[in-house]
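Biologist: Could you walk me through this one slowly? I'm new to reading structures.

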Amino acid sequence: MEFEFWGVRGSIAAAGSRTARYGGNTTCLEVNTPDGVFIFDAGTGIRGLGGRLEQSGTAQCRLFFTHIHWDHIQGLPFFTPLYDPDFNIELYSAHDVIGAEALETALSDQMHAPTFPVPWDYLQSQRSFHNVPAEGVSFDETRISWCALTHPNGIAAYRIESGGHSLVFATDVEHVPEGADPKLVDFARNADVLIYDAQYTPEEYATRKNFGHSTWEIGIEVANKAGVESLFLTHHDPTHDDIFLDELAAKAESVRPGTRMTKEGLRIKLSGAI
Ligand SMILES: [Zn+2]
Ligand SMILES: [Zn+2]
């Protein structure tokens with residue numbers, strides 16, 4: 001299993017020199033297994049991934065949505081495989097959290113006139129919408145399951161397992177008042193990788209309760225309780241520039257050595273110890 005971050009920013013894209021090192025694009029994660037290309041969320045980062053897929057001659061991908069807030073769908077109209085008649089795209093959402101029908105409505109609505117020039121029906125690619133059932137879904141040797149967590153309008157965390165490796169993608173999640181969400185601790189149990197929402201500092205969180213996001217401290221608590229091997233902190237606040245994120249990274253590293261901040265372009269291959 002190999003994965004790459006194409007967008008790591010939360011809420012809204014934050015381009016500019018002050019965010020250039022970590023990246024300003026909103027959420028998009030690519031996961032490659034022997035069974036194909038799996039994409040999680042279509043924030044503005046998916047634009048770059050689309051170019052890479054077309055250049056590499058890939059003609060198929062599976063795109064999973066954690067939820068449909070703007071920062072997780074707004075890149076899709078600029079994902080060039082959508083316009084390619086030879087490209088097959090399967091779009092998935094977790095049953096009960098969004099549902100395939102609501103997903104299709106949200107994605108086509110964001111391309112409606114007069115706020116977007118190209119309508120959804122114009123797109124030439126082969127597309128199909130799917131629900132991920134409660135028991136998860138398998139593609140040969142790759143298995144993908146989900147868990148509903150706390151976020152305004154709902155959120156699904158995904159767990160991807162392939163070749164003896166496992167990755168949990170838990171963006172846009174808020175913890176419980178006592179700390180780590182026990183549902184996520186169970187869901188992430190013994191995963192190789194946990195990618196966790198750390199949009200706020202613990203100080204910021206005090207005034208942003210119920211906004212649907214968490215902190216690096218709680219991320220560490222989840223990872224420790226779940227026995228996760230590697231923790232990645234993501235969904236960076238648009239006001240947190242590179243220097244600020246360096247400082248948060250150093251704090252997290254001092255509490256749990258090896259904790260990493262996500263960055264655009266960071267690509268990891270899971271093979272043995274990582
Ligand atoms: Zn978000
Ligand atoms: Zn959200």
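Here come some questions and answers about the fold.

Modeller: First, this is a predicted model, where local features need pLDDT of at least 70, side-chain atom pairs count only at pLDDT 80 or more, and totals for chains, interfaces and linings use all residues. Residues are numbered from 1 along each chain as its sequence is written, while chains are lettered from A and ligands numbered from 1 in the order in which they are written.

Biologist: How many helices and strands does the chain have?

Modeller: Helices (H or I, at least four residues) and strands (E, at least two) are DSSP runs, numbered from the N terminus. By that rule, the chain comes to 6 helices and 14 strands.

Biologist: What is the radius of gyration of the chain?

Modeller: That value is taken over C-alpha atoms, and the globule rule is 2.2 Å times the number of residues to the power 0.38. With 274 residues, a compact globule would be near 19 Å, which agrees with the chain's own radius of gyration of 18 Å.

Biologist: Why is helix α5 largely enclosed by the rest of the structure?

Modeller: A residue is buried if 20 or more other C-beta atoms lie within 10 Å of its own, exposed if 12 or fewer, and partly exposed in between, with C-beta atoms placed from the backbone. Among the buried ones in α5 are Trp 216, Ile 218 and Val 222. Helix α5 covers residues 216-226 and is largely enclosed because the buried ones number 8 of the 11.

Biologist: Which elements do the buried residues of α5 pack against?

Modeller: Contact here means two C-beta atoms, placed from the backbone, within 7 Å. The buried residues of α5 pack against α3 (182-187), β11 (193-197), β12 (230-234) and α6 (242-255).

Biologist: Is Lys 263 buried or partly exposed?

Modeller: Lys 263 sits in the loop between β13 (260-261) and β14 (267-269). Leaving aside neighbours within four places in sequence, its contacts include Phe 5 and Tyr 22. Lys 263 has 17 C-beta neighbours inside 10 Å, so it counts as partly exposed.
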